[in-house]
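Welcome, and please have a look at the two chains shown here.

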Amino acid sequence: MGDLYRRFGPGLSTIFVALVLVWLAGMVLAPNLMMIDYALRPNLPPAAIGGPTDTYSLANIAYLAGEATHRTIFLKTIWASALVALTTFLVCYPIAFWMAQRATVGQLSVVLLLIIIPFFINEVLRTLAWFIILAYRGPLNAVLMNLGIIEAPIRWQGDGGVLAAMVYAYILFMLLPIYNAIESLEKAQIEAARDLGASPWRIHTRVVIPHAKAGIATGFVFTFMLAAGSYVAPALLGAPGSRWFTEIIYNWFFEGGDWNRGAAYALVLLVLCLAVVLVTLKIARVNLADVAK
Amino acid sequence: MSGSERIFNALFWLYLVAFGLYLFAPLIIMGAAAFNESRFPTVIPWQGTTTDWFAAMWADRTMWQSLWTSLIVAVCVVVVAVPIGTAAALVLTSLHARAKGFAYALMVSPLLTPGVVIGISTLILWRQLGIGGGIFLIVLAQSTFIICYVMLMVMARLQRFDRTQEEAALGLGASKVMVFRRVTLPFLRPALLAASGLAVLQSVENYNTTLFVRGFETPLTVFIATKVRTGLTPAVNALALIIIAATVVGAIAFEIARRRRAGRPSP
């Protein structure tokens, strides 16, 4: 801090520090603390707030554990988000490897631009695109029926549709970290492994993937967090049987009218995501500082 | 080339084509459906080519209203996020190692927080103060995480900054404020412009956070999502096609500018 003061003088330094404090205290910490406060209090009519019944408890969180439907949806959101992350990894890994190790400079610059373009386009529009493709009388069913692969249209809306659209939406968050990690691998290492007789499978599992561990962990963390916190894909592409935890939270706020329970549910989602982030980074021995690059 | 390698190569190119199809088919189909006469947006069956849906979209007053809302929010987000993000980058780079780790974790935490949670916590805090959802809260909630992106972009640029330039200006008798205005800020200019562009894009495209703090406002993403649920016609595709065209042109211009700058030694 002394360095900042020496560099920019008292006036500017004070302004910079004040701006940062407004952000961290007012926009990051205070809202989260207030959310925790809400989550731990009961939902009371205005007259009873501050009265004898207004005490802290874990009742709202216990409600989630006790409500069978909500609990099922919560658990399902966790494993479905993990599935989204895994699928995104499988879709991205080969192309990331090719871009980092095999592609020529010209191929790379074209492919990078082509991959980035769809991700400048809004998530709602990308979801809308899948909504149109997966429609019951839509193009995908028509193509599959013309090819004779299916006889009657399939109802894609539901888990399958949500998975397809989410993987689509988060490809870049997985692809770029993996690409960056593999790019730093010396080509000679792969060749050495091959000369020593390693099969392609072993080259990837024993040389490339361990080297790219940090990038893969970063991709997983972001994809999982984005999937678990997504609202638009399940809302537009889901079926009644494929509800997402964020939809339950939304209902507490805007239909159920119980903000305290909504806050408790949101808190659970936040803690879940933070836990996944920290555990994944710990396992892969990645520093948080390297994640945001 | 051995036989198995040839098969492997063929499979890889097949995968590459499938990947390209997965990436672009949805966007192409969505765009093409804007020209189909069918009332529900699709490309099969093709019921005749028309541009009526563009006219229908153009005449939709609620669409213009939501576009306006999104633009106001985006401008406000730039005004809030770019100065704070820049200040955060400058403060962070001058901290000592131990404090830095903690401050950094706190400063990137909004990126690792689900968007819905940012919206919800902002909504709850400001209800305590008697302020409900609306443009003000949308700007605050979006800025909370967009500041992180600005900070990271400015920090990346600061790493290439030669501090002796500041010292030289000080030695020549410039005041510290003058050094900041005439040396540091001009050096950061490209990063600030890029960060502003990214902030606008992030703001306009945001849905998860905005949904909770929007109050009675209907920004563009909310408008589109509502249309999908209540009465989707190809007019929405016409809007989507225009937005896509604008973003693609913008993305290519941004990339070209970035590569041209990257090819030139920095000033």
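## About the model

This is a predicted model, in which local features need pLDDT of at least 70, side-chain atom pairs count only at pLDDT 80 or more, and totals for chains, interfaces and linings use all residues. Residues are numbered from 1 along each chain as its sequence is written, while chains are lettered from A and ligands numbered from 1 in the order in which they are written.

## Chain A

Let us begin with chain A, which has 14 helices and 0 strands; helices (H or I, at least four residues) and strands (E, at least two) are DSSP runs, numbered from the N terminus. From the N terminus on, its elements run α-α-α-α-α-α-α-α-α-α-α-α-α-α. With a radius of gyration of 24 Å, well over the 19 Å that the globule rule gives for 293 residues, chain A is more spread out than a compact globule. Here the radius of gyration is taken over C-alpha atoms, and the globule rule is 2.2 Å times the number of residues to the power 0.38.

Along the principal axes, the C-alpha atoms of chain A fill a box of roughly 75 × 70 × 35 Å. Of the 293 residues in chain A, 43% count as buried; a residue is buried if 20 or more other C-beta atoms lie within 10 Å of its own, exposed if 12 or fewer, and partly exposed in between, with C-beta atoms placed from the backbone. Among the contacts in chain A with a separation of 6 or more, 72% join residues 24 or more positions apart. Two residues are in contact if their C-beta atoms, placed from the backbone, lie within 7 Å.

## UniProt features of chain A

For chain A, an unreviewed UniProt entry lists "transmembrane region" at residues 12-34, 78-99, 105-121, 128-150, 162-182, 214-237 and 262-284. UniProt positions are given in the numbering used here, feature names are shortened, and annotations may be inferred rather than shown by experiment. In the model, residues 12-34 of chain A are 100% helix and 0% strand, with end C-alpha atoms 31 Å apart. Residues 262-284 of chain A are also 100% helix and 0% strand, and their end C-alpha atoms lie 33 Å apart.

The unreviewed entry in UniProt also places "domain: ABC transmembrane type-1" at residues 74-280 of chain A. That span is 79% helix and 0% strand, and its end C-alpha atoms lie 20 Å apart.

## Chain B

Turning to chain B, we find 11 helices and 0 strands, in the pattern α-α-α-α-α-α-α-α-α-α-α along the sequence. Chain B has a radius of gyration of 24 Å, whereas a compact globule of 267 residues would have one near 18 Å. Its C-alpha atoms fill a box of roughly 75 × 70 × 30 Å along the principal axes. Buried residues make up 40% of the 267 residues in chain B, and residues 24 or more positions apart account for 74% of the chain B contacts with a separation of 6 or more.

For chain B, the "transmembrane region" feature in UniProt (unreviewed entry) covers residues 12-35, 67-92, 104-125, 131-154, 186-204 and 238-257. Residues 12-35 of chain B are 88% helix and 0% strand, with end C-alpha atoms 35 Å apart. For residues 131-154 of chain B, the figures are 83% helix, 0% strand and 32 Å. UniProt (unreviewed entry) lists "domain: ABC transmembrane type-1" at residues 67-254 of chain B, a span that is 81% helix and 0% strand, with end C-alpha atoms 22 Å apart.

## Where the chains meet

The contact between the chains takes 69 residues from chain A and 68 residues from chain B. Helix α1 (residues 2-40) of chain A gives the most to the chain A side, with 21 residues. By class, that side has 55 nonpolar, 9 polar and 5 charged residues. Ala, Val, Leu, Ile, Met, Phe, Trp, Tyr, Cys and Pro count as nonpolar, Asp, Glu, Lys and Arg as charged, and the others, Gly among them, as polar.

## A helix pair and a residue in chain B

Helices α7 (residues 164-171) and α8 (residues 176-205) of chain B pack at an angle of about 145 degrees, with their axes 10 Å apart. Axes are lines fitted to C-alpha atoms, for helices over the stretch in contact, and angles run from 0 to 180 degrees between N-to-C directions. In this pair, Q165(B), E166(B), A169(B) and L170(B) of α7(B) meet V179(B), R182(B), V183(B) and T184(B) of α8(B). The contact has 4 nonpolar, 2 polar and 2 charged residues.

Finally, V17(B) sits in helix α1 (residues 3-32) of chain B. V17(B) is exposed because 10 other C-beta atoms lie within 10 Å. The C-alpha atoms of V17(B) and Q202(B) are separated by 29 Å, and the two residues are 185 residues apart along the chain.
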